[in-house]
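Good morning, everyone. Please look at the model on the screen while I go through some of its contacts.

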Amino acid sequence: MSDGQSMLARGAALLHAFDEGEDEVGLGALAARTGLPKSTVHRLLAELTEAGLVERGEGGYRLGLGLFELGQRVPYRRLCEAALPYLEEMYEATHENVHLAVAEGTDALFLEKLSGHRSMRISSHAGGRLPAYCTATGKALLAYGAGRGLSAVISKGLQRHTPRTIVLPGLLQQDLVRTRARGFAVNWEEAEAGVSAVAAPVYGPRTGTRALPVAAISVTGATRGLRLDRIAPVVCAAARALSYELARRP
């Protein structure tokens with residue numbers, strides 16, 4: 001690895017060392033999290049601050065607005081803008097948490113989340129990720145061949161998050177078969193106790209002989225109040241409408 005690549009990798013590791021919800025982080029904490037010498041962290045922070053990617057406050061450092069600006073240029077923002085009206089309709093119909101997610105490696109990465117005063121508080125957030133095999137959005141994507149695929153997920157290992165997490169490859173495969181048969185995926189408290197979800201795949205423009213899912217949308221709420229006969233039609237209708245709109249876009 002060249003010096004330039006090494007410094008780039010170190011800078012990326014430093015940016016990833018900032019945790020969600022932290023206002024500011026001290027130099028010592030960042031050095032401990034990255035395993036880098038304090039002198040190296042100090043030098044990198046100075047360069048990142050000059051570039052606007054990090055800001056220095058009274059109690060330490062925080063991610064800068066330059067990163068927010070860059071994030072708005074990511075092509076996925078167009079997907080978010082197209083999906084937002086449909087996510088809003090799903091929320092108005094259910095008053096539950098609504099997600100837009102894409103496949104990222106073996107995970108489901110949440111691009112958007114809508115919720116309100118009546119929605120159950122859950123741990124997910126825009127920019128967060130969870131293993132695909134234990135989320136409804138992730139299973140909707142896995143069932144139709146998005147991301148790195150089922151074999152990669154199984155090879156990485158199916159870790160238990162709750163008593164209901166599917167950790168046997170054969171059972172996961174059966175669940176994905178059921179997902180394809182009914183057209184939507186279900187997560188029954190597999191990622192978070194007391195929380196369940198329904199998700200459906202969203203397709204992009206057709207390439208070749210078939211269209212592949214580019215995302216999945218879901219409704220998530222308390223298990224005791226999540227009725228499949230009411231929620232699934234809402235999710236599937238929104239997914240079809242969004243897929244139709246994406247197919248028409250240049």
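I start with Gln-173. Leaving aside neighbours within four places in sequence, Gln-173 is in contact with Leu-150 and Ile-154, where contact means heavy atoms within 4.5 Å. Gln-173 lies in helix H8. Helices (H or I, at least four residues) and strands (E, at least two) are DSSP runs, numbered from the N terminus. At 40% relative accessibility, Gln-173 counts as partly exposed. On that scale, buried means under 20% relative accessible area, exposed over 50%, and partly exposed in between, with a 1.4 Å probe and protein chains only. Gln-173 and Arg-118 are 55 residues apart in sequence, and their C-alpha atoms are 34 Å apart in space.

Before I go on, a word on the source. This is a predicted model, in which local features need pLDDT of at least 70 and side-chain atom pairs count only at pLDDT 80 or more, while totals for chains, interfaces and linings use all residues. Residues are numbered from 1 along each chain as its sequence is written, and side-chain values use heavy atoms, with hydrogens and water left out.

Side chains of opposite charge can pair when their charged atoms come close. A salt bridge here is a side-chain nitrogen of Lys or Arg within 4 Å of a carboxyl oxygen of Asp or Glu. How many salt bridges does the structure hold? It holds ten. One of them joins Arg-178 and Asp-175, at 3.4 Å from N to O. Both residues lie in helix H8 (residues 169–182), three residues apart, which is about one turn of the helix. Arg-178 is partly exposed at 42% relative accessibility, whereas Asp-175 is buried at 6%. Through shared partners, salt bridges link Lys-139, Asp-175, Arg-178 and Glu-190 into one network.

Another salt bridge pairs Glu-24 with Arg-62, with the closest N and O atoms 2.7 Å apart. Glu-24 sits in the loop between helix H1 (3–16) and helix H2 (27–34), and Arg-62 in strand E2 (residues 61–63), so this pair ties together parts that are 38 residues apart in sequence. Glu-24 is partly exposed, at 27%, and Arg-62 is partly exposed too, at 30%.

Next, the aromatic rings. Rings of Phe, Tyr and Trp (its six-membered ring) pair if their centres lie within 6.5 Å; planes under 30 degrees apart count as stacked, over 60 as edge-to-face, and the rest as tilted. A search of the whole structure finds one such pair. Why is the pair of Tyr-144 and Tyr-203 edge-to-face? The ring centres are 6.2 Å apart and the planes are at 80°, so the pair falls in that class. Tyr-144 is in the loop between helix H6 (136–143) and helix H7 (150–156), while Tyr-203 is in strand E7 (residues 195–203), so the two tie together parts 59 residues apart in sequence. Is Tyr-144 buried or exposed? Tyr-144 counts as buried, at 16% relative accessibility, and Tyr-203 as partly exposed, at 24%.

Ser-124 is buried, with a relative accessible area of 12%. Not counting residues up to four places away in sequence, Ser-124 touches His-99, Phe-110 and Lys-113. With His-99, the side chain of Ser-124 makes a polar contact of 2.6 Å. A polar contact is a pair of N or O atoms within 3.5 Å; within protein, one must be able to donate a hydrogen and the other to accept it, and residues adjacent in sequence count only if both atoms are side-chain atoms.
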